[in-house]
Protein chains: 4
Amino acid sequence: MRFYSDNTATACPEILAALTQANQGLALAYGDDQWTQRLDAALGGFFGAEVRAFAVATGTAANALSLATLSPPYGAIYGHEEAHIATDECGAPGFFSGGAQLVPLPGAAGKLTLEALQLALDAHPASVHTVQPAALSLTQATELGTVYRPAEIAALSNLAHQRGLRVHMDGARFANAVAFLDCHPAEVTWRAGVDVLSFGATKNGALAAEAVVFFDSDLVRDFELRRKRAGHLLSKSRYVAAQLLAYVETGVWKRNAQRTNRLAQDIGRAAAASLMHPVQANEVFVKLGVQRRQALRAAGFEFYDWGAEGAGAARFVVSWDQPDADVPALCAALGRL
Amino acid sequence: MRFYSDNTATACPEILAALTQANQGLALAYGDDQWTQRLDAALGGFFGAEVRAFAVATGTAANALSLATLSPPYGAIYGHEEAHIATDECGAPGFFSGGAQLVPLPGAAGKLTLEALQLALDAHPASVHTVQPAALSLTQATELGTVYRPAEIAALSNLAHQRGLRVHMDGARFANAVAFLDCHPAEVTWRAGVDVLSFGATKNGALAAEAVVFFDSDLVRDFELRRKRAGHLLSKSRYVAAQLLAYVETGVWKRNAQRTNRLAQDIGRAAAASLMHPVQANEVFVKLGVQRRQALRAAGFEFYDWGAEGAGAARFVVSWDQPDADVPALCAALGRL
Amino acid sequence: MRFYSDNTATACPEILAALTQANQGLALAYGDDQWTQRLDAALGGFFGAEVRAFAVATGTAANALSLATLSPPYGAIYGHEEAHIATDECGAPGFFSGGAQLVPLPGAAGKLTLEALQLALDAHPASVHTVQPAALSLTQATELGTVYRPAEIAALSNLAHQRGLRVHMDGARFANAVAFLDCHPAEVTWRAGVDVLSFGATKNGALAAEAVVFFDSDLVRDFELRRKRAGHLLSKSRYVAAQLLAYVETGVWKRNAQRTNRLAQDIGRAAAASLMHPVQANEVFVKLGVQRRQALRAAGFEFYDWGAEGAGAARFVVSWDQPDADVPALCAALGRL
Amino acid sequence: MRFYSDNTATACPEILAALTQANQGLALAYGDDQWTQRLDAALGGFFGAEVRAFAVATGTAANALSLATLSPPYGAIYGHEEAHIATDECGAPGFFSGGAQLVPLPGAAGKLTLEALQLALDAHPASVHTVQPAALSLTQATELGTVYRPAEIAALSNLAHQRGLRVHMDGARFANAVAFLDCHPAEVTWRAGVDVLSFGATKNGALAAEAVVFFDSDLVRDFELRRKRAGHLLSKSRYVAAQLLAYVETGVWKRNAQRTNRLAQDIGRAAAASLMHPVQANEVFVKLGVQRRQALRAAGFEFYDWGAEGAGAARFVVSWDQPDADVPALCAALGRL
């Protein structure tokens, strides 16, 4: 039973159907097709705002292109030290921006705090000798399966804006965060000060589809050229646009996220004694110890170790199409340990 | 009737079916799935050689990642002045390589000549003051719908290798070239000295799938890191791998290319009097004049003007799924003009 | 007798004296010293305009930093195909800009023509698929020792500005051009539409000093950060600033340029029959043929061959401190051939 | 009395004399002059090894060019969190390398520890998803005026090499470190495993001269091209080479460093009660408190605050030409506080 990652999931039927339906007739290429042309309106509806939305195929592309639009080559990008952009994208922000420097910040359970950000910004000298504070990147839900409340985002964004930084949100698991908060998507994005969102669909039921959503359209032209130049403008754009349209319009974004969140809660309860972080999305981090990890694996469960070898931590991620029997089985096994 | 581009096409049934079949069960992410793991063998079989093959979603990514692997930041990349890398990728080779300089070469009908390459290499001073000759990029079939013979490629590659350059082939329409030559894929690639091939499937029946095929495996590790860093390693890699496997294993690559080549020949015959270049793939360039272009458009034909406004040139591209009636209608209309 | 390049010259006494005088007492670093603080005013006086002026140590730095400030990474930079930025800076504009693409234009005697620029701009498609026209770079005096008239620069700048490009001038031999035209420096810079000038002093009597002069101060902050980041902000800035101050304030810029221009005219007259370009600065290009080149070298003259091996062209450059006997000797030798 | 920085110093007489002596006759440009041609031998003599040495004008250039030669764009560069490359070069390593990521490590008194490096390397996953460990950068003397013992460097280099990293040393104040240790320059460089050294002369008596010294000549060609491309190959190279030759051949490197070290020791003793770090070079860090800082300034002493505003720390740097009266005056004032 696989709990490696939500990237192991298939595409959900609604999205595959949309893709198949889009497979009709000759359509204009490079985003001039009717599916792509509907993206702004569809995502605008989803977010309750005027937006400009652009489809790309990977989360790394969404994040790094967004950040390159927000930061000059000599910029500093503030983010959590365990953020995907800092640890799992092979330096993509540095590549796309032409060398901007990440400033890794600490924070419990994967969340940035206002204090840590303020401290870092205050400590940063105003001088030509250093990189220039340019962007803040938040991850919602975080890499550790936790979720920012709207007020937390607003406070961080507010400080960032006061200091002249733009705000990016890595929303690879955005749906899980919104499902957990049971709020409107607006509340954790533009209303809370987010300028650009990497809005992920891949992990939560698409094949390969992420939208970069701009709540501030000034930045859009630069983004479009960077996207093309990076090989992230798909010629047959209809297929990625169709995935995104189905994702927000059929409601699978919510249904899938609610299921994975609920199952993660089940695992969290079963592992309550050894839980490392609150379970607020579809990821559960458990301090199992090396032996119990081994035992679980021997019992047929697949998952990643997390962090330093000896720490004995394990990460379980629930996929939208996780077979029904998997989570009860995992819970039972955790209970036995 | 649309003759804009083969990018307007749908995906062909065999490839969509393969993608749908791959949509089963939790699979390892980032290329550790069973589909991706079969790529080397499948493409090795196709090319009759040991290869390392990597899937990406766009031709620009395939080209620019390949070239960045072949050229240092201070390298010079030689290619035709009308090559896609020079005119249609928004400077992607410069971005991916960290600033390598394209050296545009002239050549009739979109083809590089040995003379032009030799002249350029001879004229290039051996000095620390200039960019360093690093790579030659050939396009097969060319942007102007023509095709290099194996001996032509071998001669160009040979010269390039003698001067210390590596050889890249942009094969966005590789199938059309092979179908035209009726040769084995090996004859126009590794046997002719090509080191790395961008092997396109998107235009010829895939949704979004290109393979970067290395005939020299020394370069592979650098490529893998650059791909990840550029956001071109897909998390759910199975979907792009499945497209490529179906493309080479079901034979659609050939069937589709043969059909579009044949239809292009029909158009070429109908426009014989005004033909600008030999028709050797699925593109036809016709010197219509401004008025006849207008007349054709009024009659319901969609196509791109080509080159300078006043020149009156038109480009017609046949898609693999071009409706049966389209080409006869176009031929008739061209005959009437 | 050396006619290789004006880079072989020494520093002139006035400039060495200024540097020596600056060598007194502890001075603030990184440009907060009194010499650097006077640069804007001194160069503003020289150009008859409000300027912001920044010292760097090399012409390549001056050019590439200027162009990176004018062009985004996805920009196109138009310049003469024989411009220093295109042929002699190892791809520096691509490096500093993050990959901007040079568009090399032809033009007799090293000079861009309005027609060639217009043709290139007209031919450039307005599309996300290509690099975006961003900057025009003119060289004054050109690499071939010729000089643009004020009206020629104004016409080129005017067209560039109409199309949304900024204008850069590579003035590595700016003094020679002004001396030849016998005009005010304003006439060939800001009054003629130049936005940024690389104002060279090194070749004409400094040790290592070039000023980047902005006639448009909006661009300045970006430049300052790029300069620091590129290692071109000197810690002991006083020494480079002192050179530039002496260069414009003692009048050596003019005295030296007038001497080298005059001597080059002498050579030009002696080689009149084989002259390749009008002699308007301190460089003389002569079609000697391979044998006469050999004969001259045997007679003790040092100079560079120019262009293709077989063409038999030679370049003679006069240095500000060219020994008095050198030019008469060269003229006599040329006469004898 | 100025204790801001050793960058406020003048050039010492021996170096200015050498520069003046080099100002004779036409010399080949771009490093083909007789001064530059002697650099390898002179620095090879200094270090007791075969070296390749290259002159540049700034420490940022020396560091960033070295690191770009050691690290691919997707590399990770390990260094102290207070290293100049991390805090004072406006992201230069990211720019020159094409986006390599700095990994800032903690360490008391500005020094890296074997434990911190090992921890970081052990924690770094071996995967295509992250930047690849490529280089270690040590600063000798450190930014906090402390000095690594030969055995400390050897242990760090050894670990780095075991893990496949190359070792760079930022020696902006290398002479101070050697003078403090009273050792041969070899002992803290190649004998201790350093691959490339930024060998600073500017702070210690030159006008603007740093040498990049390669103890491993494999890397040299790449460096030369990067240097040219970055505008750091000086046309009149003789002037920077002459400074470096005088620096090592007249012994001023040692004389100046010994004087500034000795004066710094005097200050250290006067401030012994509030000293923040051992005084081992020409920098002294004192926890004065905000009020005593103010009092010292009122008494005519100029110096930089260090670190966070409220911390009350001050940095005093002694210049090679610090007037004789300055240090006794400062010591007296510190004693009075």
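1. Domains of chain A. The model is a predicted one.

2. Where the domains of chain A meet. In this contact, 19 residues of domain 1 of chain A touch 19 residues of domain 2 of chain A. On the domain 1 side, α9 (174–181) and α11 (238–249) of chain A each contribute at least two residues. The largest share of that side comes from α9(A), with 5 residues. Sorted by class, the domain 1 side of chain A that touches domain 2 holds 12 nonpolar, 6 polar and 1 charged residues.

3. A helix pair in chain A. Helix α7 (residues 114–123) and helix α8 (residues 150–162) of chain A have axes that come within 10 Å and cross at roughly 10°. Angles under 35 degrees count as roughly parallel, so α7(A) is roughly parallel to α8(A). From α7(A), the contact uses Leu114(A), Leu117(A) and Gln118(A); from α8(A), it uses Ala155(A), Leu156(A) and Leu159(A). The contact of α7(A) with α8(A) counts 5 nonpolar residues, 1 polar residue and no charged residues.

4. Chain B against chain A. How many residues does the contact take from each of chain B and chain A? The contact takes 39 residues from chain B and 39 residues from chain A. On the side of chain B that touches chain A, at least two residues come from each of α1 (13–21), α4 (59–70), α6 (92–97) and α10 (220–229) of chain B. By class, the residues on this side of chain B are 19 nonpolar, 16 polar and 4 charged.

5. A sheet in chain C. An open sheet of 3 strands is formed in chain C, in the order β8-β10-β9, with antiparallel pairing. Strands β8 (283–287) and β9 (304–306) of chain C are at the edges; each has a single partner strand, so one side of each lacks a neighbour in the sheet. On average, and ignoring direction, neighbouring strands of this sheet are turned by 35° against each other.

6. One strand pair in that sheet. Strand β9(C) is joined to strand β10 (residues 313–317) of chain C by 3 bridges, and the two strands run antiparallel.

Methods: Residues numbered from 1 in each chain as written. Chains lettered and ligands numbered in written order. Predicted model: local features only at pLDDT ≥ 70, side-chain atom pairs only at ≥ 80, totals over all residues. Axes fitted to C-alpha atoms, helices over the stretch in contact; angles between N-to-C directions. Helix = DSSP H or I, 4+ residues; strand = E, 2+ residues; numbered from the N terminus. Parallel < 35°, antiparallel > 145°, perpendicular 65-115°, else oblique. Contact = placed C-beta atoms within 7 Å. Nonpolar A, V, L, I, M, F, W, Y, C, P; charged D, E, K, R; others polar. Pairing = 2+ DSSP bridges.
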